[in-house]
Amino acid sequence: MAQTAMAARDEARPSLLAVAKGRRARQILGERVLLGFLLASSLVAILTTIGIVFSLLFETIRFLDAVPLLDFLFGLNWSPQIAIREDQVGSSGAFGVVPLLVGTGLIAAVAMTVAGPLGLLSAIYLAEYASPRARGFAKPILEILAGIPTVVYGFFAVLVVAPFLRDSSESIGFEVSSESALAAGVVMGVMIVPIVSSLADDVIAAVPQSLREGAYGLGATKSETVRDIVLPAALPGIGGALLLGVSRAIGETMIVVMAAGLSANLTVNPLQAVTTITVQMVALLTGDQEFDSPKTLAAFALGLLLFIATLILNLIALMLVRRYQERYD
Amino acid sequence: MIDRQSSPSETILASLPRRRRAEARFRIYGIAAIGIALAFLILLISAIGTQGIGAISQTEIALDVTLDESVLGLSDARDRETLSKANYRAVIRAALGDVFPEAVSARRDRRALMKLVSVGAGFELRNLVLEDPGLVGGTMRVWVPADDEVDMLMKGATARDSGRFSDKQLGWLDQLEEEGRIRSAFNWRFFTSGDSREPELAGILGAIAGSFFALITCLVLSFPLGVMTAIYLEEFAPRNRWTDLIEININNLAAVPSIVFGLLGLAIFLGFMGLTRSAPLVGGMVLALMTLPTVIIATRASLRAVPPSIREAAIGLGASRMQAMLHHTLPLAMPGIMTGTIIGMAQALGESAPLIMIGMVAFIVDMPQGLLDPASALPVQIYIWADSPERAFAEKTAAAIIVLLAFLIIMNLTAVILRRRFERRW
Amino acid sequence: MTKLTARNVNVFYGDAHALKQVNLDIRQNEVTALIGPSGCGKSTFLRCLNRMNDLIEACRVEGNICLDGEDIYDPAVDLVYLRARIGMVFQKPNPFPKSVYDNVAYGPKIHGLASSRAEMDDIVTSSLERAGLFEEVKDRLGAPATGLSGGQQQRLCIARAIAVCPEIILMDEPCSALDPIATARIEALIDELKQNFTIVIVTHSMQQAARVSQRTAFFHLGDLVEVGDTDTVFTKPVDPRTESYISGHIG
Ligand SMILES: Nc1ncnc2c1ncn2[C@@H]1O[C@H](COP(=O)(O)OP(=O)(O)OP(=O)(O)O)[C@@H](O)[C@H]1O
Ligand SMILES: [Mg+2]
């Protein structure tokens, strides 16, 4: 009796291999599908870039139908307002991008004049000088600055910095327009300080300790070590950090929209009002106009210009930082 | 031996004071840099704080209104439709006339008098009546919002002799104050209403709702996509040029100017896919694309922080690579992933430029009820108000900034606490 | 003559007690070798002698170390001056990412030891000569130092150290990254340098200690077990731990 029951149970028990086959087949299928999903989602990032490139290119080509490329790239006059009237052909508005490039460059230059030294010095202080307690105090300051939305910086520029610059320069006999490149640039510089300093901090921390010890062992002071050994060794990485700062500066929108204004002056005087690529993109696309007037299309051409410029800066910066990190692996 | 005029140790000793000074100077530069950053931060917060604190209160004027049917222009009907179309402004005008009988005669005076009270006073009265139609025919005292210029005057932001008020108007206001008909009340309208052309009626609830819907969309899209991408790149992707390309691409996307994402949304989501302009859905989709790199980078870092031994142990027990991932590595990495996601959401909450591009900058009074209703967003609302000429909007702008910063602080603190709580040393 | 004296030196890394009650005299114009199994505290002791341990946050040094009778841990001591007098060569060659010339010139430059370009050339040349490197690099003084071979880099680091004219040179396993030929050159160099300098060298090679040093100190688990003339320590060790270490039983 017992014997047969056992035999029957043995009979009923499927072989190890069969179990494995059935379960595994289902499992493998499930995992394949899942893996497919994973792969597909990683393509979204690529698709986004492709989407950006194509939408910019497509609209830019249509823009260039109305405005010749050379007029766009080398024209010294930017006044798209004229083209808004129905009875006018698009090309009769002036779409010369040079004043915008100069304005963007000017504000970025002011910003980097602030962010470069402040960012690097605070990075050096954090990496080389600060005690853990001082670090615990100083780092959050920079992190908070990094977390403040740019629209808040913009409001601050309009509310405090621009009036202050105007009043203080009036008192020493300068004429500063209320929407000066200086005010927008200074505030943007402070916004960029944390970006430069955190990247530079990482880069400086990656300089091998043995180099520092070599210098200290010769009797170099801390500042001599930093200046002569650490900074030169970290130079490529620091260059990368600064380039990323520049890239942020030229792509920043809200601060300049609020504080820099719309007047497309071709000037390198930071006390005057200038306009930037991003300000004009916002100006061209806010308000209700039909989708394919040269005015709206011009915004895409500006966007393409901006995208290319920041892409080049970002790639160079990433390459510098990468190569630098590999050197000291 | 090396010949030298003076012994090396003497030369070195002589150089020490100068080098010590240089050393001190260098340290001071570093501290000064941090100090400037701190000073800027304090200045920013205090400037916005002092500016925004005024928006907490709103000047109100007490009027004894008589809801006379003839003044309201009501016949017998008492349905909502008729009630909401009644002439409440006339009631307000009459109530003002009761206080200042001498001002009723001249048309100019009447208009100057009405200017002291917000145009919203009539709407508030209407809402009271709609809630309780029994009020019609009765008399009661209501506190209605004062005009924004009056509000500024009462808060001391406008001088009496600024020329914005006639002597008569100033006299009326003095009289109102003497009679105890002016008070400064908590500005609940700021927190419960949408945008308005009138500063005294404008509120942030509409913008908060818009931001909320956009952020939900952003989270629902970017969290799964980001985590899945990170899992693929970190655990399954072969190391080749193709994955290298994806990686460079992600790093680069993180540094593409946000306004460019706005153009993408404009061209593809609005132009090509034909979605609604100004909708939080579109805003959220654009923000999701921007947040994706942040989520991916944070997720990869947390996955990498899980020691390989855990995964190897699971695989040793017969789990497949996918099972080891899903059952062991991913749960352990979850706190880090969530921290990164919250930080990404905080960034998205502060973004304005791409939302402006897709039309969330329009003037929208109504509260958005869903993902497809036209809406604004909190930072964009700040931009709109900052751009408005009425001076009373300055304090609304600052107050909205304070609210935005409060949300950001809460989100970042949550992230910090999460990180502290689950920080693990393997 | 005694150049450096260490009295009751204790070193802690946080709570870990890395050196216990070390008493040791370093004599002038002699080579003192520090030996012992890995982790016994040789490097730690060496780094105490020019206060390199100050760079390590968690490290605490107690006791007395005197250079020519002056306490080097006195708060008034200037680290720059101390380290100019007590130079250091590290285990792994660590040339600066600069030219060969600039590596050697760096010390004299910051200390202001040369008043003219010619004088600096002099210092660089003679330091490289004394480090036995000049002949090999004289044609590429402007080339980056990181392009030299490991042995050349280590001799460059020695040249860099002696360019400052220190009184003492500390060497932490200077040959551990080098092949036997490069090692032999450096050992010969050390023998020559002791005419002008006092040298303290950490080494894992007993043969090296025996070859280059006059005195040997044996460390074990943070204790200074035994110190004496190199010949005595290697032939008639007093402590059984020394005995078993030099005969290859521990470490
Ligand atoms: N920076 C540090 N932080 C904490 N502990 C340290 C540090 N440096 C060394 N130690 C500890 O101090 C002890 C002595 O280390 P030390 O480097 O002096 O040994 P060593 O004798 O030089 O060994 P080796 O021959 O391997 O170089 C060891 O236990 C080591 O773990
Ligand atoms: Mg050692």
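Val187(A) touches Tyr153(A), Phe156(A), Ala157(A), Val161(A), Ile255(A) and Ala259(A), leaving aside residues up to four places away in sequence. The model is predicted, and these contacts are computed from C-beta positions placed from the backbone.

Chain A as a whole can be described next. Its secondary structure comes to 12 helices and 2 strands. Read from the N terminus on, the order of the elements is α-α-α-β-β-α-α-α-α-α-α-α-α-α. Chain A has 329 residues, of which 53% count as buried. Among the contacts in chain A with a separation of 6 or more, 74% are between residues 24 or more positions apart.

Helix 17 of chain B covers residues 378-386 and helix 18 of chain B covers residues 392-422; the two pack at an angle of about 160°, with their axes 9 Å apart. Because angles over 145 degrees count as roughly antiparallel, helix 17 of chain B is roughly antiparallel to helix 18 of chain B. The crossing of helix 17 of chain B and helix 18 of chain B is left-handed. On the side of helix 17 of chain B, the residues that meet the partner helix are Leu378(B), Pro379(B), Gln381(B), Ile382(B), Trp385(B) and Ala386(B). Helix 18 of chain B contributes Phe393(B), Lys396(B), Thr397(B), Ala400(B), Ile401(B) and Leu404(B).

Confidence in chain B can be stated both for the chain and for one stretch. The mean pLDDT of chain B is 89, and 98% of its residues reach 70 or more. Over residues 1-5 of chain B, however, pLDDT stays under 50, and the model has 3 contacts beyond four places in sequence for this stretch.

Glu192(C) is found in helix 7 of chain C, which covers residues 180-193. Glu192(C) has 13 other C-beta atoms within 10 Å, so Glu192(C) is partly exposed. Glu192(C) and Ser176(C) are 16 residues apart along the chain, and their C-alpha atoms are separated by 20 Å.

Key:
Residues are numbered from 1 along each chain as its sequence is written. Chains are lettered from A and ligands numbered from 1 in the order in which they are written. This is a predicted model: local features need pLDDT of at least 70, side-chain atom pairs count only at pLDDT 80 or more; totals for chains, interfaces and linings use all residues. Two residues are in contact if their C-beta atoms, placed from the backbone, lie within 7 Å. pLDDT is the predictor's confidence in each residue, from 0 to 100. Axes are lines fitted to C-alpha atoms, for helices over the stretch in contact, and angles run from 0 to 180 degrees between N-to-C directions. Helices (H or I, at least four residues) and strands (E, at least two) are DSSP runs, numbered from the N terminus. Angles under 35 degrees count as roughly parallel, over 145 as roughly antiparallel, 65 to 115 as roughly perpendicular and the rest as oblique. A crossing is left-handed if the near helix is turned anticlockwise from the far one by less than a right angle, and right-handed if clockwise. A residue is buried if 20 or more other C-beta atoms lie within 10 Å of its own, exposed if 12 or fewer, and partly exposed in between; C-beta atoms are placed from the backbone.
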